Amino acid sequence: MKTAGITILYSCLFFYTSCDSFKTNGSMIAERKYKEGFIEGKGVRLQYVDWGGTGQVLILISGLGDTPFLFDSLATELSSRFHVIGYSRRFHGKSTASSGKFDNTNLVSDLVLLMDSLHLEKANLLGWSLGGN
């Protein structure tokens, strides 16, 4: 019985802390802290997310099956030191491709397209899982 009481207490504490944004914002919908856009070229349409920020450009590359929104909390924190951008790789999120494989040649070409379209001469890269390869 004592264990059940502790479990219930932890559950209530978790629920209370997870609803903290509802109390402060009056809504469970978080305020957008990013700009979403699309770039197109070479038979691909890539969704990108720009969290803004100051300093050097940092491009966040998500893993297989993920979108840049995976990095939302991290990107918000990093935007105090970097201009943070993430993108959905081909066939992920809202990104599409008319043809082509999901291979390193096309993935590098997509990254170059992103950088060229956003007029980025150089950038730091941070990848998660397959995005780090």
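What share of the contacts in the protein with a separation of 6 or more comes from residues 24 or more positions apart? Such residues account for 68% of these contacts, where a contact means heavy atoms within 4.5 Å. The structure is a predicted model, in which local features need pLDDT of at least 70, side-chain atom pairs count only at pLDDT 80 or more, and totals for chains, interfaces and linings use all residues. Residues are numbered from 1 along each chain as its sequence is written, and side-chain values use heavy atoms, with hydrogens and water left out.

**Secondary structure**

- The protein contains four helices and six strands; these are DSSP runs numbered from the N terminus, helices being H or I with at least four residues and strands being E with at least two.
- Along the sequence, the elements follow the order α-α-β-β-β-α-β-β-α-β.

**Burial and surface**

- The protein has 133 residues, of which 30% count as buried; buried means under 20% relative accessible area, exposed means over 50%, and partly exposed lies in between (1.4 Å probe, protein chains only).

**Salt bridges**

- Side chains of opposite charge can pair when their charged atoms come close.
- The structure holds three salt bridges, each defined as a side-chain nitrogen of Lys or Arg within 4 Å of a carboxyl oxygen of Asp or Glu.
- One of them joins the side chains of K94 and E36, with an N to O distance of 3.3 Å.
- K94 lies in the loop between β4 (83-87) and β5 (96-97) and E36 in strand β1 (residues 35-41), so this pair ties together parts that are 58 residues apart in sequence.
- K94 is partly exposed, at a relative accessible area of 46%, and E36 is also partly exposed, at 23%.
- Another salt bridge is formed by E40 and R45, whose closest N and O atoms are 3.6 Å apart.
- E40 is exposed, with a relative accessible area of 59%, whereas R45 is partly exposed, with 32%.
- D110 and R90 also meet through their side chains in a salt bridge, at 2.7 Å from N to O.
- This pair links distant parts of the chain, 20 residues apart: D110 belongs to helix α4 (residues 104-117), and R90 to the loop between β4 and β5.
- D110 is buried, with a relative accessible area of 2%, and R90 is buried as well, with 3%.
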